[in-house]
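I opened this entry to look up helix packing and ring contacts. The structure goes in first, my notes after it.

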Amino acid sequence: MNAPSRNAPFSTQGMTAFDHPEFSGHEQVVFAHDRETGLRAILCVHDSRLGPALGGCRIWPYATTEDALRDALRLSRGMTYKNALAGLDLGGGKAVIIADPRQDKTPALMRAFGRHVARMNGSYITAEDVGVSADDMEEVARETEHVRGTRATGLGDPSPYTALGVFAGIRAALAHVNGTDSLIGCTVSVQGLGHVGFDVARQLKAAGARLIVSDIHQPAVDRAVAELEAVAVSPAEAHAVQADVYAPCALGAVLNAVTIPQIKARIVAGAANNQLATPADGQALKDRGILYAPDYAINAGGVISIALATPGGDDLLVRDKTLAIGATLTRIFQRAEAEGLTPETIADRLAEERLAAAGK
């Protein structure tokens, strides 16, 4: 996939943000450009009833601007629900930068993005996401105070807390399905070995799991094979291997009409955002007897860390609230089973109940 030319105009194939099927009542959608660096970004605020919109910045070489807009809108809405379900007094937002993080990302590009965040006057607070590092956020912080996950705002890199929450969520799912949260003898297919995915794999290995791993970045796969005694497969096979748990930890929409019939695991629980390609795919998982841990519930550890951390403080509060993700998921699984609904339907209802109460 190649990034579009930096001189190419924004194009959504005749579609405005208002018309987009993923618009979902967004409060603010900003298309941002910087001539000097070639920055092209979309910054979204979905819902601010609980507070300023907090959500990470993703850098990805989207094939079209419409692809970038779809991703930004879906991720932004997902942050509204994630922050609400995590009990945070923050709304939901997201930003995407259309670029290849391995080739196009520069300190100047990140500072240009920071200037656009500053222009939003606190309606959107940014942090790191796919393609963005803690060092990148330090560059953004040179231009705006509306940034989290930096040395000045607390604990720095949020990815270890995201991974910790995913690990706790996998154990909760195992306990619901097997009656025990033990990972000894379990096989987990971890798809995506970035900062979060590799740390999830490390914790799973330490708890006794056997690992199957995949990533588009071969050095990450080689590292997992060498350090974690993992078995490598291609990313296209990760969902279909024989495993107890399938853990998507890369990009979204991996649970769809093609992949779901091929899944052999009884549990899908991973860090990726927007794993369901369509709402119908959640029902398809349920119909196959596969337990799905709603992505925005299980991967909330990172946003918890950047929301609650204090400069110079310890991380005990953050770790406790992150580990509580397991209890939240247990409540979701039990209620979904009792009511005959999908886990994501119950998670949505819990988040919407809190949003509705805040809007009164």
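I take axes as lines fitted to C-alpha atoms, for helices over the stretch in contact, with angles running from 0 to 180 degrees between N-to-C directions. Helices are DSSP runs (H or I, at least four residues), numbered from the N terminus. The model is predicted, so I note that local features need pLDDT of at least 70 and side-chain atom pairs pLDDT 80 or more, while totals for chains, interfaces and linings use all residues. Residues are numbered from 1 along each chain as its sequence is written, and side-chain values use heavy atoms, without hydrogens and water.

Entry on helix packing.

I looked up H4 (residues 159-178) against H10 (residues 316-323): the axes come within 8 Å and cross at roughly 35°. Contact (heavy atoms within 4.5 Å) involves Tyr161, Leu164, Gly165 and Ala168 of H4 and Val318, Arg319, Thr322 and Leu323 of H10. By class I get 5 nonpolar, 2 polar and 1 charged residues. Here Ala, Val, Leu, Ile, Met, Phe, Trp, Tyr, Cys and Pro count as nonpolar, Asp, Glu, Lys and Arg as charged, and the others, Gly among them, as polar.

Next I checked H4 against H11 (residues 325-339), which pack at about 35° with axes 8 Å apart. The crossing of H4 and H11 is right-handed. On the H4 side I list Gly165, Ala168, Gly169, Ala172, Ala173 and His176, meeting H11 residues that include Leu329, Phe333 and Glu337. This contact divides into 6 nonpolar, 6 polar and 1 charged.

Entry on rings.

How many aromatic pairs does the count come to? I find 2 aromatic pairs, where ring centres of Phe, Tyr or Trp (its six-membered ring) must lie within 6.5 Å, and planes under 30 degrees apart are stacked, over 60 edge-to-face, the rest tilted.

Phe18 and Phe23 are edge-to-face, 5.5 Å centre to centre and 65° between the planes. Phe18 is exposed at 68% relative accessible area, whereas Phe23 is buried at 15% (buried is under 20%, exposed over 50%, partly exposed in between; 1.4 Å probe, protein chains only).

Tyr81 and Tyr296 have centres 5.8 Å apart and planes at 70°, so I log the pair as edge-to-face. Tyr81 lies in H1 (residues 65-85) and Tyr296 in H8 (residues 295-298), so the pair ties together parts 215 residues apart in sequence. Tyr81 is buried at 8%, and Tyr296 is buried at 9%.

Last, I logged Arg223 over the face of Phe198, 3.8 Å from the ring centre (NZ of Lys or CZ of Arg within 6 Å of the centre and within 35 degrees of the ring normal).

Terms used: Helix = DSSP H or I, 4+ residues; strand = E, 2+ residues; numbered from the N terminus. Left-handed = near helix turned anticlockwise from the far one by under 90°.
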